[in-house]
Each structure stands twice: as structure tokens, then as C-alpha cells.
Protein chains: 2
Amino acid sequence: MENILIIGGVAAGMSAASRARRVAPEARVTVLERGPAVSYGACGLPGVLAGRIQRLEDLVAHPVEFFREQRGIEVRPGHEALEIEPGRRRVRARSEAGESWLSYDRLVIATGARSRWLPAGPRLRHVYAANTWDQVAQLRAALESGEIRRVAVVGAGYIGLEMAEALAQRGGLEVHLIHANATPLRGFDGDMVAELPARIAAAGITLHAGCRVRELAGPEGGRLLGVATSSGVIPADALVNCGGLRPETALAERAGILLGRSGAIAVDERQQTSVAGIYAAGDCAETRHRVSGAPVWIPLGAAANHQGRVAGQNAAGRRAARYPGVMGTLAVPLFGLEFGRTGLGESEARAAGMDAAATTVRAATRAAYMRGAPGVPEGEITLKIVYQPSTRRLLGCQAWGPAGAVTGQLDVAVTACSAGMKLEDVEHLDLAYSPALAPLYEPLQIAAHNALQDTAAST
Amino acid sequence: MENILIIGGVAAGMSAASRARRVAPEARVTVLERGPAVSYGACGLPGVLAGRIQRLEDLVAHPVEFFREQRGIEVRPGHEALEIEPGRRRVRARSEAGESWLSYDRLVIATGARSRWLPAGPRLRHVYAANTWDQVAQLRAALESGEIRRVAVVGAGYIGLEMAEALAQRGGLEVHLIHANATPLRGFDGDMVAELPARIAAAGITLHAGCRVRELAGPEGGRLLGVATSSGVIPADALVNCGGLRPETALAERAGILLGRSGAIAVDERQQTSVAGIYAAGDCAETRHRVSGAPVWIPLGAAANHQGRVAGQNAAGRRAARYPGVMGTLAVPLFGLEFGRTGLGESEARAAGMDAAATTVRAATRAAYMRGAPGVPEGEITLKIVYQPSTRRLLGCQAWGPAGAVTGQLDVAVTACSAGMKLEDVEHLDLAYSPALAPLYEPLQIAAHNALQDTAAST
């Protein structure tokens, strides 16, 4: 009987476990998870803080018992993997019951990511990370106790923005959003997020842009009092660190597994690491960018699930599965709007050695005369495409507009980029049209058309 | 100075005119339109009958004066083309002012489609077609006069269904929907529209399925009294004929221009007809199916606009443009739901000589825990893919679900089919994910995954 062991039980880990079980019904499949819960939707954590989602448990797709009883997967929450011994094919783990060694035939590492930590300083209470069940549970308890009045959120990437918005939605809190860059939402060009600062302010959040955290203020072991920054001291009762993630690779590194250029665990198309029989997937693993072909580390939930499936299928050792790589696709609802991006930006394309140009359009989401009819949200989308003038290939796309109206366009761009489509292929796609559901010419098609005119005019 | 003449001023015709003007700023561009208005959104006509759109004029993208004054296009409403004389490059037209000959260097035929007419019988009042400004204006006037209490809509294709729904939404009317086939909404498999009959009934519409119109009852020259059908007589004060369209080809045929196998005007990729210098576009023209490669006639508004652009650019004689063909993509909101299809159905694929199989899934539009948050409409989508087992190529897709939640998935399928993607390409597309905006695995990806399992299991 084959013995498949998986370290990590959130997105990639549980996908790997479910897939391994499916293709190898007779195998033994065991999952070690450090935290108290498995298979939860980490992307819903801000909703819990906002109070829109009542219980953390609502984020759980399936409870531990479901996996044990319905799927025959041995799930062990509260088990932290401490060491991998590839030579003897075993893992040392710690739980409340003590330490033990678990053997495996094939191993999947899905240890995820952790917050890039803040400058060293005193250990203080009410300093939280944003990305785990535990941390959000503790933060919520602190908020509910009433002792928190001022919160500093560090980092205005999509997680920091979602967190700040969620905290503002609770009401009664003074929310500060501290960001090192000049513009929020990394991965988007400045002109595509120009609307954001006003929306952030309208939500009652104070944005400190171009501001670096120097030190956390407070007595060792006591409560946080404030955040010393390059722009002065911001008084705060609590801090939520959304200041970037890094791959959780310590366990793999100590086992002699190679990291890639990006600093995440190097894997091949089958998600196998440098050690035969050991796979890695999700936020701890490097992957290949589908447009540039370069090794990248882009931690996002959907890709983690896909990689987990591939790792699980290969660990089960039946038919080989391959993961074709990521596009860095991100969609996030913020302040009633939706922001999305995929593929390469202009500077990313140039860094990858490609010639690149961009075209931006602003267009309606549907026919104006259908006002009020059910369908896609009404309003305008701003959409930018990045393309390669020499080949006319579509390289990437960024867009923003009313919440719910952007993802469809973005997914067409994802598909077109993945297929290596050229501007002329995109221009005349026979996309769905109905006046309440879509515009006659989709913004993506208008952008492709305009880009072709620009390309023709310059040759 | 080049002289470009266009017959027809709705979708394809006005697109051709605008494009010709753009690429050949010095050319003379003239449009002849039989009806009173040009450049209107025919897809919005049901909304006018429903009363949701106040005025027919609201459907007009740009008035005649805009084209004349802003774009320098000579638009002539109320001008009917009677004859094309290709040898002398001229067209005879009739207007209130009488008949005249107009010469051209290049001609675009965009005469559209007309309703397939009902069985011969007495000429009766209150018998209308559904697809033109004139007819809808007259029907609305009749409805507003109060003399209509019972309306029979003939044909439960998407136009007939939209019309019946719109008439029911007016209130105070008894609406009968007469359909020759057993199931409504041609182009969709029976299992994909199983929900429709109950929705039609809940809207207060009486569906007569498997019912053929035999005769219209009433005294010659007088009012319609009823519709004699294969299922008996249905009393009715008015009839709206949505019983299928056919291409308006009479003018082209008389000029010796060849029709294709489909019965519409044959054109090449540049939209040129069998006569050099004469182009055709939109609902009067045949086109190529992008998946099967077969010549087809599929009259739909978005494709008409695209073909018009291509015809206009080529008529202007600068850079050649090519139209890559249609996918038969249709999306329509009906009774709070949305129905969409693209590409080939199973039987269409087999008729085109391909092996074909289908897989259907039912899946959530977004994460359950985001209930109430802004984003894509909540609910479940039912989605069927058609694929070719021997090549694993995606051939087509049908889907239905909450209004506004289907088009995005459908457009990904359009793009994937156009690119010739295989199931494994679709399965791991890095599509946008955010819990309020999309599900972790899109229905299309789940379907591709399941189909791959079926394919693997059978080999």
C-alpha cells in the first residue's frame, strides 16, 4: 500500500490530498496541518473581520471529519512538521501528544507563505499577520474586546487594502494604511489605480503612501503603542502586517531541497522538487510564467489549488499531470470597484527581453439603453492591454470597473494570452453580445483594434 | 475621389460606413436605408415593447445628423435600393422624391434579414414582424391604443422568447407563444432549457409547443381574429412573427451575385462577393464557422458589426482586413436567467464529420461564504461542453444560470474554441479568482477536468 504524506492542509495541500485519493483509491493519504483548521478559504478572512461573514468556520469547505470519513484522508490538524529526512523517507512532526516520525513513499510540501516580518524590536501584543486562521481569530477577539480603537495596516497590496476596507466597515475604528510605495496595489500601473486614493479616503481610511515602517513602539512584552515610520509616529493599538509574503521554505531547505531563483522551492512541470518523490505546490513553490517562460513566485489561491491537484496526481503515481504555469492573474473587489490584472506589464515584458507597448480604453459594460435591467453591473471599465509590437502578441491586461463587471473581460485576456493570440485574433473574437449582458464591442476588443491601428500607423 | 456606396444602415451597414470613412478620409461614403432610422440597437426592441425603454429613439446610437456632420457620411433614410447594375457600377433607389441612379466604385450590401413569412391567407391588420423599427413602432402604437388584449407570438427562438417576456411584462395582455419544436430556444440542447417551460408559465405566458401555424383567421383586409394551428385555434387580436429569419438576398440575386450553400450571399474572408468590388456583410451574408470550417448562415448582431467593419475597410481599399468567421455565440437574458451558447453542439459536430462527446456540470458562480457582497450574481451555473475525444479539442459550450453570471464563462469558451484549445489547456487556465467574483474552479474548468477523466477512463 502506497503511503502519500502531505505537509500543509489549506489550498494546495488539500487539493493534493483529494486528487491523490481520487486517482489512487487504495493509497494511504495523510495531511499534517500546523493550524487548527484545514481546507478553509483564506481569501475570505477579510470578510470575517468586516463582520460580513459571521464565523470563521463559514470559510471551511469541508471539516476534518468529512475528509476522514467521506474521503478516507487522514487529516491531522495541530501537527507541525519539523524535519524531512529524504534518505529515510520520513518526516518528524510535533503535536500536543509529542513528537513522532511519519514515513512516506511520496511527499507533497504545501507549507504556504508567511508574512515578511517587520523590523526587529520589542515583542508586543496586538501585532498580527493577516493570512492565517489563527492570527485573524486573535485579531477579531481583540477587536471584539473593545480595547482596539486605532489599527495600522502595513502594506497596501491587495490583502492590505482588503483588510483596511474590512476594518473600516466594522465601524468605530481609526484605520491607517501604511504603504512603502507611492501608489497602492502592486502589479497595477499607476494610471490604473489613480481612482483608489480617493476611494480609500472616502471609506474613512488614512493612507500613508511612500511611508516605511522603522520601528514598533511599546514596552517589551506590553501593548503596541504606535508605529514609528519614515513620515513620523502613527499612534496605533494594533497592527496588521500585510507587508508582503515570502515562501515558507525553511523545512525544504533544511532537507537539501533546492530553491529557485525566486527564492521559492524549485519544481518541474510535474511539481516535483530537486528530490525525486518529493513534490511542492502552492505558495511555497516557484512556478513558470506562462507568457515570459521565466521562473516566478506569485502566491495566489487559485494557482495553489491547481498546482496541488497536479502534485497530488503525480504523487499518486498513476498518469502524469503537468502544470502549465501562471499568468499572475489577480482579481480583487475593493471599495465597490473591481481591479484585475493578468500576464505581463510593460516593464515586466521589457525585463523579459520583449518589446512592449500598451493601449488603454474606457468603455461601457453594456448598452446604455438597458439601464436597470438585470445583467452585468452598469458603468464603465477602464482596460489596458500590453502587447508585443513586433509579433502583435497579447502579453497582458489590467482593468478596473464596477464590482462584478471586470472578471469576464480579464478571463478572456487570460485565455487569449495563454493561447498566444495576436491582436487581430482578439479583435474579431465572436464574444457573447446582448445589450444587458455585454457591450457590442468588448473593451478588450476595442483595445486590440486601437493597438492594431497604432501598430499599422507606426510601420 | 473614391465613391463607396452602402445598402443598409443598421448594424453591418453603419459599421462598414464608419470604417470606410476612417481608413479613407477623402472618399465619398453614402448609405441607403429603407427605414426611417439608422444605427439603432435592434436587440433592444423587446425592451421598448416591455416599456422598460421609453422611446424607440433611445435605441439610436447616433442620429442621421451625427453621421452627416461629425463623420462626413451621407446617410439617406427612406431610400430603398431596387436594383444593382454591376456592369455600370450603379444602384437604382427609390425615395419619396422619386427614383434615381447612384454610381459607386465599391459597393457594400448590408440588407439584413427578414421574417420567414407565415402561410398565405387573407391580408389582416395587427400582424407584425419583430425585427424592425417600423414594425415594432406600429405594434407598440396598437398596444397603446388598447384594442389588443390577446397576442400570439410565433416562434420560441431567442427573439420570440424575449418578445413574449416583454409583452407579458407590459401587463394586461394574454400572451400565447406558439412553437413548432418540442423545446424552446433552438441552438440549445433539451436538457439545457428544461427550466424554461416553468419560467414561461410563471411569467403568465401560455406556451404551445410542438404546434404549427396553419392559417391566420380573419376577414380579408380586416382584423386578425385568431391563429389556426395544428393544436386548434388560438384566439388572438395581434400576432408577432418571430418564426425564424431568412437572409434578404433578392437584390443581390437579381444582380447575378452568387449565394452560398446556406442560401445567404457567398463571401470570402474579406467579405467580398462573387463580383469584384461588391462586398456583403451582416445578416444577408454567409460566413464560415470557426470550429467546423463549414459555410453557415447565423444572423446575430455582434458578428454583423464585425463583418461590416471588415467589409468597410476592404471597400475603402487600403489595408486588407479579414474576418475569421463566427462561433454562433449567443447570450440572452430570459425570465431572470441567462442562456448562452457558442461553437458546435454534439449533433452539429457529428454532422461536420467529427467525433463528439459532452460533459455537463452544475457549479456555484462564487464562494458561498460571500453571500450578499457585491460581485457576480449569486447562484449556480449549469454548463455543458462539447469536445472531440480523439483530439481532446473543445468544440462548443452551452450554459445557463443567473442573469449576468454566464457571459464571462461563455466568452472564455469562445476564446478557447477559437484558439483550438484542448481540454487540458482549459483545465489549468489561470483564470481570475476572488470569492465574491468567481468560483475557485470555474464551471468550464470543472467540465474540462471531468471530460479528461472520462476520456482517460475510456482508453
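A residue is buried if 20 or more other C-beta atoms lie within 10 Å of its own, exposed if 12 or fewer, and partly exposed in between, with C-beta atoms placed from the backbone. This is a predicted model, where local features need pLDDT of at least 70, side-chain atom pairs count only at pLDDT 80 or more, and totals for chains, interfaces and linings use all residues. Residues are numbered from 1 along each chain as its sequence is written, while chains are lettered from A and ligands numbered from 1 in the order in which they are written.

**View 1. Strand S22(A) sits between two pairing partners, S21(A) and S25(A).** Strands (E, at least two residues) and helices (H or I, at least four) are DSSP runs, numbered from the N terminus. Two strands pair if DSSP finds at least two bridges between them. S21(A) and S22(A) run antiparallel and are joined by five bridges. One bridge links Ala331(A) to Gly340(A) in S22(A). Two residues lie between the strands of this hairpin, where Phe335(A) takes a positive phi near 55°. S22(A) also pairs with S25(A), residues 393–402, in the antiparallel sense over seven bridges. Here Arg341(A) has Gln398(A) as its bridge partner. Is S22(A) enclosed or open? Six of its seven residues are buried, so S22(A) is largely enclosed by the rest of the structure.

**View 2. Chains A and B meet through the same surface.** Two residues are in contact if their C-beta atoms, placed from the backbone, lie within 7 Å. Each side counts: 60 residues come from chain A and 60 residues from chain B. On chain A, the elements giving two or more residues are helix H8 (301–316), strand S21 (330–334), strand S22 (337–343) and helix H10 (407–418). H10(A) supplies the largest share, nine residues. For residue classes, Ala, Val, Leu, Ile, Met, Phe, Trp, Tyr, Cys and Pro count as nonpolar, Asp, Glu, Lys and Arg as charged, and the others, Gly among them, as polar. By class, the chain A side has 35 nonpolar, 17 polar and eight charged residues. Of the interface residues of chain A, 100% are also interface residues in chain B, so the copies meet through the same surface.

**View 3. A rotation superposes chain A on chain B.** Copies are superposed by least squares on the C-alpha atoms of residues with pLDDT of at least 70 in both. The rotation is 180°, with 0.0 Å of shift along its axis and an RMSD of 0.0 Å. The two copies are thus related as by a two-fold rotation axis. Which residue of chain A comes closest to the axis? Gly408(A) does, with its C-alpha at 2.0 Å.

View 4. Four residues of domain 1 of chain A are in contact with seven residues of domain 3 of chain A. The domain 1 side has two nonpolar, one polar and one charged residues.

**View 5. Helix H1(A) is mostly covered.** This helix holds residues 11–23. The expected span of a helix is 1.5 Å times one less than its number of residues.

**View 6. Val136(A) is buried in helix H4(A).** Helix H4(A) covers residues 133–145. Val136(A) has 23 other C-beta atoms within 10 Å. Not counting residues up to four places away in sequence, Val136(A) touches Leu45(A), Val48(A) and Leu49(A). Leu56(A) is 80 residues from Val136(A) in sequence, but 8.8 Å away in space, C-alpha to C-alpha.

**View 7. Gly379(B) lies in a loop between two strands.** The strands are S23 (357–364) and S24 (380–388) of chain B. Gly379(B) is partly exposed, with 15 other C-beta atoms within 10 Å. Leaving aside neighbours within four places in sequence, its contacts are Thr365(B), Gly401(B), Pro402(B) and Ala405(B). Gly379(B) and Ala405(B) are 26 residues apart along the chain, and their C-alpha atoms are separated by 8.5 Å.
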